[in-house]
Amino acid sequence: MSDPRRPNKVLRYKPPPSECNPALDDPTPDYMNLLGMIFSMCGLMLKLKWCAWVAVYCSFISFANSRSSEDTKQMMSSFMYKPPPSECNPALDDPTPDYMNLLGMIFSMCGLMLKTCPAVQPDMLNVHLVAHTHDDVGWLKTVDQYFYGVENDIQHAGVQYILDSVISALLADPTRRFIYVEIAFFSRWWHQQTNATQEAVRDLVRQGRLEFANGGWVMNDEASTHYGAIVDQMTLGLRFLEDTFGDDGRPRVAWHIDPFGHSREQASLFAQMGFDGFFFGRLDYQDKWVRKEKREMEQLWRGSTSLKPPTADLFTGVLPNGYNPPESLCWDVLCNDKPVVEDPRSPEYNAKHLVDYFLQVATAQAQFYRTNHTVMTMGSDFMYENANMWFKNLDKLIRLVNAQQANGSRVHVLYSTPACYLWELNNANLTWSVKRDDFFPYADGPHNFWTGYFSSRPALKRYERFSYNFLQVCNQLEAQAGPAANMGPYGSGDSAPLNEAMAVLQHHDAVSGTSKQHVAYDYARQLSAGWGPCEVLLSNALARLIGSKEDFSFCRELNISICPFSQGAARFQVIVYNPLGRKVDWMVRLPVSQTAFTVKDPSGKTVHSDVVLLPSSDRQDVSPELLFPASVPALGFSIYSVSPVLSRNPRARAPQPSSQKSWSGVLAIKNEFIRATFDPDTGLLMEIENLDQKLLLPVRQAFFWYNASMGDNESEQASGAYIFRPSRPKPLPVSRWAQIRLVKTALVQEVHQNFSAWCSQVVRLYPGQRHLELEWTVGPIPVGDGWGKEVISRFDTPLETRGLFYTDSNGREILQRRRDYRPTWTLNQTEPVAGNYYPVNSRIYITDENVQLTVLTDRSQGGSSLRDGSLELMVHRRLLRDDGRGVGEPLLESGTGVWVRGRHLVLLDKAQVAAAGHRLLAEKEILAPQVVLATGGGAPYRPGVAPRTQFSGLQRELPPSVHLLTLARWGPDTLLLRLEHQFAVGEDSNRNLSSPVTVDLQNLFSAFTITRLQETTLAANQPRASASRLKWTSDTGPTPYPAAPVLDPAAVTLQPMEIRTFLASVQWKKDS
């Protein structure tokens, strides 16, 4: 059976014989039609390309001979020309034979281009064998070590040899098929091949024998990844496939066989990218039992509560064996199973036993699925380095099993792919149940909850998030400055290295924190290497946009108050770039060496500034920090000048230590919106008040740690990189009190809390700020006592939350969580702490439906609410045992990873208006302003043109509900543009932020003019107008499939939670 993109068979017309026109008695057209049909079928079924070309030739001959005229021009243009009526031959009035011949010719040519699926047996159980390899983009070895096959004493794996071997095996037999997933590896391999090899691979892809599944740069994690970074890495991989193979290379199926739990937002993104379906391997063991009993291993997943179905609906299937082959059926150099021996004279003969065993396995597996199709994943981690071993045995297995049909067997086995398997499921025309929640948390046993990796390696998680911020700035400035950003006075600038490094970091063993230590170092190295070319690009772009060739400097360690440039320069400029579509007010903080400065804004007016003395990391000295408020226009920059003030009376403010008695019972910091009160006896946060909304909530915040289990009488399972398992449910306090210091200036109010030698925090308020900032520093976590520790920040309130709390899904939509509960099955809770942890990508909140307490994070963390009115976030973990999931070493970080600094942003709001606060604050957090320093006084970029001190890339600000998700170079004169509605349905009725919003893209941008606009799917690899997906029937009733909206650049409407993607042809303005 051909795949869904194959047209239906064309019925041929045979003209009647006629004495008047003996040419019509010429059998040539009929014979040519018959031959064309035969060769077309051969070309389709046997994948013989020469057959398809013969079919085309036959169609041409048939078409030519069907005409009465011998004029060649008329013959080849007759589909546009109608011969005059003839009494002698009225058949000439009927164009059907000619059009049918022409259509046959066209469809024969399409047969060359369209991939086809193998034939199945409709009255049998069809077993789809999917030959595959799962190639981690870093895990036990680095990306390069895996690709080149070095350090095989750690793990035997060499991706370049796998691809070499697979291609050779596919070329050896036209019936074989294989799928590949990780484009980070495939693209590297591709660029090392000869032209002949590349053409052979193109043929395999064209024929559907080498199929790409998923198609992202990596198979990304689904818990620790931000949706923006997911979209970017998928776009990178899918664009490579589009550029290399055209539509032949476009994956139809998403394939996440190894990630450790699955997010609802991931399903929504895949659906919006145009995928027909989604298959994954890992599922909670209790969930899997229930699904098998109910035969719900395959269903429709509704990925959004805001997007109208079926926009975010995705057919989703759970693979029966994870992603491994059935037991005893693994024929790889990494396996020990016996090969198929079919010589009955051999003492090793096992063919009959293997065939019988296979039939039993297939029949048993099929009972949990609803159609007469089932799938077997024939491969696993880094398999097929000797592909001949696999294919030789699979060839035998297929032949021997199918031979049993002569003896009454009703099982048919075939080489297949996920897309072909999905097509057969769609052909079944069944009604499918609908899932609305997600697949977190994941457990593979009663005490084995994979919730530790939500927080593992917090320094790497922050570096990844920080790099995402920087990459978007790099992309935006490259788009606004045009070609001048890539080649300019500072050299060759390039966003690609950081784009690829960020894509690698989305891998499910990278940002997840589940790799070996030396691999984690290599991930950080790749990010660092990617920053350099982007810094050159930023320098070129800023020089062009400012109009001055400055000596730009970038401070990568501002989070730990280190910036050699600002600490060493007497005077300097501060360029603050804002990547948001609206004006931002931002407090700039820079480490300096002096104690008094004058700061001037872009117009030359003096702005208020302060220097605050902060304790250094060794707690012996103090390091001064300069503070001043900056106002930065949308998608633009403001330049501030800083110069020292020579004064005998320095204005620097140092934190003042004090005993609790000196506070007279009240210790508080406040601004015009927030007041935070601290317990004078313990130094702990005690109360938060929203002065604007007249809310007062007792909030006690402190740090605790769980003693990590090393195994006990119930289970040998220990806490590790993947698994979170505390030895007891109640955590221990780091300290019951904090030594405190107070800073109060006109620009900041801070309470510095010191809990222990390895745990401290600064609680901070700036003027105009509607949230409370908690900047925590944890590490090195002491483990000399033999106890691994998992450190949390916990907030306790009297809110009556009824077991409910809320977490985001990859930074986007919000999901309700309930303690000790799963929406789709009755949970047997065996780990009351770890079994209630969920991924928190950007925020977690609790509410009693009147008051809401929200905590935003600056990286992905694990979080929960283990008792009413309480929420907690895990900030760091250091462990002494491996958890037995393959890493082979404990999560005992060394080097810079042992000491971590981060921020929690706390909002107290009325529940009805809380979304406006946390949505807009999360946007500001993920795309924070970028600070670049310069000496000032540089040479003009263009002679005679004065430099500018302020610039906005937008002619008008975007509405609050619209987020500029992507602005990046796509081609020489093309940009990639994504706009998203960042509010969900019903989130904010007070300011109407959850309503549809319309944006005028005409003349929106200052630096360039859009000359042509094309809308695409989310990953920009299909025009939206022509994109289509398989249609499914859900048990919730029929869902209409709306047509793509008509594109009007003057009125682009966004529905709640909608992302719209465009390729824009542009002309850059010379005076921008």
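Colleague: Hi! Is the crossing where helix 7 passes helix 9 left-handed or right-handed?
Modeller: Helix 7 passes helix 9 in a left-handed crossing, meaning the near helix is turned anticlockwise from the far one by less than a right angle (clockwise would be right-handed). Helices here are DSSP runs (H or I, at least four residues) and strands are E runs of at least two, numbered from the N terminus. This is a predicted model: local features need pLDDT of at least 70, side-chain atom pairs count only at pLDDT 80 or more, and totals for chains, interfaces and linings use all residues. Residues are numbered from 1 along each chain as its sequence is written, and side-chain values use heavy atoms, leaving out hydrogens and water.

Colleague: Which residues of helix 7 and helix 9 make the contact?
Modeller: Ile-183, Phe-186, Ser-187 and Trp-190 of helix 7 meet Gly-237, Phe-240, Leu-241, Thr-244 and Phe-245 of helix 9. Contact means heavy atoms within 4.5 Å.

Colleague: New topic: is Glu-211 buried or exposed?
Modeller: Glu-211 counts as buried because its relative accessibility is 8%. Buried means under 20% relative accessible area, exposed over 50%, and partly exposed in between (1.4 Å probe, protein chains only).

Colleague: Where is Glu-211 found, and what does Glu-211 touch?
Modeller: Glu-211 sits in strand 3 (residues 210-212). Not counting residues up to four places away in sequence, Glu-211 touches Phe-178, Ile-179, Tyr-180, Thr-417, Pro-418 and Ala-419.

Colleague: What follows helix 17?
Modeller: Gly-547 does, and its phi is positive, near 95 degrees.
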